[in-house]
Structure formats: structure tokens, C-alpha cells
Amino acid sequence: MKLRIYVIKKKHLIWAAIILAIIIIAAVIIATRRSTNETLNHIGSQYTIKDDINNDGKIDSIVINVDEKTKEYNLSVAMSDGKGYIIEADKTIKTLGYYSPDWPMHVTVDDIDKDKVKEIIIQSKDKTGPILSIFRFNNDKFEKMASGRYQVYGLIKHPASSNNFVVLGSRNNSSMNFNLFIAKEGKLTPVLSTLNNLSLGKDTIASFIEYVEKKEVEAFNQIIDNKLTSTIQNGNFEDAKITDIKYNKDGMPTDITYLVRTSVQSNSGNEALVYKVQMSLSKVEDKLPKYTITDLNIIK
């Protein structure tokens with residue numbers, strides 16, 4: 001048998017290096033896109049979210065599927081110990097929502113009541129309108145913590161409180177109504193006192209939504225730089241989430257960030273469009289503080 005000797009030429013090494021570089025760049029792009037999608041958690045026909053739900057230091061899986069015929073969402077959780085759980089819909093609403101390209105499900109995982117076990121927050125819709133549900137893992141099962149026809153969710157970690165606050169909001173005509181709850185020991189308790197410094201820019205975000213839907217244009221121009229309005233596309237409001245809040249030394253929220261989902265028309269039909277709306281405190285008045293939109297970006 002003859003011994004074969006293969007000679008690798010310099011040009012072969014160069015081409016091998018180029019191909020390897022292309023593979024690495026492609027992998028980075030795919031990983032970046034996947035990370036962005038998981039941050040937004042806008043659910044299509046099938047999706048899995050990885051997180052440590054029960055605080056055992058191991059990663060669990062929230063599995064979302066869509067029924068091919070009815071388009072109804074089904075959610076289950078596979079724990080790292082091999083146990084599986086089905087998340088049941090609220091008995092009044094009777095569904096976790098239905099998939100559509102212009103209003104896909106939005107899932108958030110937060111430790112709402114600071115017990116180190118994370119809750120699952122679902123924002124979606126059915127034929128009647130928006131659905132917002134919160135589920136907690138307790139006594140080896142998932143149980144409903146809150147559910148209703150809300151369109152806004154926010155977890156407020158105020159520096160003056162040892163407890164978290166949860167904001168559940170809904171739109172009423174041209175205004176936004178916020179309900180504030182104290183999250184403690186697996187329960188949401190309504191805050192009875194009026195907390196003026198936690199208005200959280202609801203009037204400003206309501207004006208933004210009005211402008212998206214082409215209403216109250218003059219009022220909107222007072223709270224935004226005109227150069228930012230070119231970013232906005234005509235559409236319908238779906239739901240929103242408060243993602244970040246910064247406070248001053250007096251506990252007043254000075255900077256607030258919202259993710260606002262809308263439905264817009266495209267050549268292929270209606271599709272979801274998400275705005276990142278950043279606002280800053282511009283004026284403190286006797287009744288409610290005023291906020292101005294300082295930055296606006298489309299992120300999906």
C-alpha cells in the first residue's frame with residue numbers, strides 16, 4: 001500500500017479561515033436575534049422560555065404551543081427535576097389567548113412578591129379583547145395570582161418600600177387608568193392611598209397612544225420633540241409594559257421606560273409593532289407630575 005501525502009497550500013488555509021469566519025459571524029447574528037426575541041418574548045406558533053422558576057439554581061422551561069385549528073395558546077412548564085405542569089386559564093375568561101400575527105402573546109417572568117420564586121405574567125388577547133394573567137408556583141402547582149382585561153403591566157421596585165408594587169392598567173377612551181397593588185406573600189393587595197408620585201407618566205403614555213391612532217395631535221406635540229414623531233406609524237394600541245424606572249432622592253420617578261405594542265398594516269396584512277418609549281420628568285405640579293417623551297425607538 002502506498003503512503004499518500006497531502007500538501008495543504010497557502011490558498012487553502014486562507015479559504016478555510018474565510019469560511020470559519022463566516023460561520024462564526026453567522027452564529028453571532030443568530031444568537032443576537034435569539035437573545036432579542038427572548039427579551040421581548042413575543043410568542044408565535046411555538047416557543048420555549050428558559051428561566052429558573054422555583055429558585056433551585058436550575059433552568060426550567062415554559063413551553064408555549066398554539067392549536068393548529070383554533071389558534072388557542074396552551075402553556076406548560078417543565079421543571080428541571082422532570083416534573084411537568086399545565087397552566088390553566090382563568091375560569092371566567094376561560095382562555096390564555098389566541099394567536100394572531102398582529103397581537104402575539106407576550107410573556108414576562110418576574111419575582112413579584114420577593115419570595116425568590118418567579119411568577120409568570122401573560123399578556124394576550126381573545127375575541128373580546130386584552131387578557132392579562134399572573135400565575136405563581138405554590139404547593140407543587142401553578143395557581144392564578146391575578147387575571148383580568150388589563151392592557152398594562154409593571155413591576156415597581158420603589159426605593160422607599162420593602163415591598164414591590166404591581167401596576168395593572170387599562171385604557172378608558174382617551175385616558176389610562178392604573179391600579180396599584182402591594183405584592184406580598186403571593187397576594188396582590190390594593191393600595192388604598194393616592195400616591196401622586198407614582199402616576200408613572202400615564203397621561204403621557206395615553207397621549208402617545210392617541211397620536212398613534214391619529215387623535216389629539218396638538219396635545220401630543222407638547223410632550224415630545226417634533227423630530228421623534230417621524231418614527232411613529234399609524235396603528236392600533238394593543239398593550240404595554242413598564243420596563244424601567246429611575247428615581248430621585250425624594251423617591252419621585254424621574255425616568256420611565258415603556259414597551260408599547262401596536263398593530264399596523266403592512267403589504268402582507270396586520271402585524272405587531274413595538275415602541276420603546278422613554279420619558280423624563282419635566283414638571284412637578286400640585287396634582288400630577290408631568291413627563292416628556294425624550295426618546296422613541298421601534299424595536300420590533
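**Nonpolar cores and aromatic pairs**

When residues up to four places away in sequence are not counted, Leu200 touches Ile156, Val167, Phe178, Ile242, Ile245, Pro253, Ile256, Tyr258 and Met279, contact being defined as heavy atoms within 4.5 Å. The structure is a predicted model, in which local features need pLDDT of at least 70 and side-chain atom pairs count only at pLDDT 80 or more, whereas totals for chains, interfaces and linings use all residues. Residues are numbered from 1 along each chain as its sequence is written, and side-chain values use heavy atoms, with hydrogens and water left out.

Leu200 is also, together with Phe208, Tyr258 and Val277, among the residues with the most contacts inside the largest nonpolar core, which has 36 residues. A nonpolar core is here a set of buried Ala, Val, Leu, Ile, Met, Phe, Trp, Tyr and Cys residues joined through side-chain atoms within 4.5 Å, where buried means under 20% relative accessible area, exposed over 50% and partly exposed in between (1.4 Å probe, protein chains only). At least two residues of this core are supplied by each of β10 (152–156), β11 (164–172), β12 (175–184), α2 (202–212), β14, β15 (253–266), β16 (269–283) and β17 (290–298); helices (H or I, at least four residues) and strands (E, at least two) are DSSP runs, numbered from the N terminus. The largest share of the core, six residues, comes from α2. A second, separate core of 22 residues includes Ile62, Tyr73, Ile87 and Val109.

Aromatic pairs were assigned to rings of Phe, Tyr and Trp (its six-membered ring) with centres within 6.5 Å, planes under 30 degrees apart counting as stacked, over 60 as edge-to-face and the rest as tilted. By this rule the count comes to five aromatic pairs. One of them, formed by Tyr85 and Phe137, is edge-to-face, at 5.1 Å centre to centre and with 75° between the planes. This pair links distant parts of the chain, since Tyr85 lies in strand β5 (residues 84–87) and Phe137 in strand β8 (residues 130–138), 52 residues apart. The rings of Phe137 and Phe142 have centres 4.9 Å apart and planes at 50°, so this pair is tilted. Phe137 is buried at a relative accessible area of 16%, and Phe142 is likewise buried, at 11%. Tyr85, Phe137 and Phe142 form one aromatic cluster.

Thr229 is found in the loop between α3 (217–221) and β14 (236–247), and at 16% relative accessibility this residue counts as buried. Leaving aside neighbours within four places in sequence, Thr229 is in contact with Tyr211, Phe220 and Ile224.
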